[in-house]
Amino acid sequence: MATTKAQQKAVNKYVKEKYDRIEFKAPKGRKAEIKAHAEAHGESVNGFIGRAINETMERDNGQQAPGPDSDRE
């Protein structure tokens, strides 16, 4: 079933209110490599990048990383 304009507007409003956007630039060809890696591990690119950030911050700070649903209320 196709989404209506009203549904998409509601989703966009929710995302704008609940999430920050971060732009990430990678060298040409790296995007496909990152996407393939994420898919091989059953993740979206966004999920993979979020996990990589959480795990790195945990390692750097010596603390436990938040779970995969930590950005949800």
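**View 1. The aromatic pair of the predicted model, formed by Tyr14 and Tyr19.** In this predicted model, the structure holds one aromatic pair. The ring centres of Tyr14 and Tyr19 are 6.5 Å apart and the ring planes stand at 65 degrees, so the pair is described as edge-to-face, the term used for planes over 60 degrees apart. Tyr14 belongs to helix α1, which covers residues 5–18. With a relative accessible area of 44%, Tyr14 is partly exposed, and Tyr19, at 33%, is likewise partly exposed.

View 2. Phe24 lies in the loop that joins α1 to α2, the latter helix covering residues 30–40. Is Phe24 buried or exposed? At 54% relative accessibility Phe24 counts as exposed, because the cut-off for that class is over 50%. When residues up to four places away in sequence are not counted, Phe24 touches Ile34 and Ile49. Phe24 and Ile49 are 25 residues apart along the chain, and their C-alpha atoms are separated by 9.8 Å.

**View 3. The salt bridge between Glu55 and Arg51 in helix α3.** Side chains of opposite charge can pair when their charged atoms come close. Here the side chains of Glu55 and Arg51 meet in a salt bridge, with an N to O distance of 3.2 Å. Both residues lie in helix α3, residues 45–61, where they are four residues apart, or about one turn of the helix. Glu55 counts as partly exposed at 39% relative accessibility, and Arg51 is partly exposed as well, with a relative accessible area of 29%. Salt bridges that share partners join Arg51 and Glu55 with Glu43 into one network.

**View 4. Salt bridges formed by Lys25 with Glu23 and by Asp60 with Arg59.** The count of salt bridges comes to five, and two of them are taken up in this view. The side chains of Lys25 and Glu23 meet at 3.7 Å, N to O, and both of these residues, Lys25 and Glu23, are exposed. The side chains of Asp60 and Arg59 meet at 3.8 Å, N to O, and here too Asp60 and Arg59 are both exposed.

**View 5. Helix α3 and the residue that follows it, within the fold of the chain.** The chain contains three helices and zero strands, and its pattern along the sequence reads α-α-α. Helix α3 has 17 residues and reaches 24 Å from its first C-alpha to its last, which is close to the 24 Å expected at 1.5 Å a residue. Just after α3, Gly62 takes a positive phi of about 65 degrees. Of the 73 residues of the chain, 7% count as buried.

How values were computed. Residues numbered from 1 in each chain as written. Predicted model: local features only at pLDDT ≥ 70, side-chain atom pairs only at ≥ 80, totals over all residues. Heavy atoms only, no water. Helix = DSSP H or I, 4+ residues; strand = E, 2+ residues; numbered from the N terminus. Buried < 20%, exposed > 50% of the residue type's maximum accessible area, 1.4 Å probe, protein only. Salt bridge = Lys/Arg side-chain N within 4 Å of Asp/Glu carboxyl O. Expected span 1.5 Å × (residues − 1). Phe/Tyr/Trp six-rings, centres within 6.5 Å; stacked < 30°, edge-to-face > 60°. Contact = heavy atoms within 4.5 Å.
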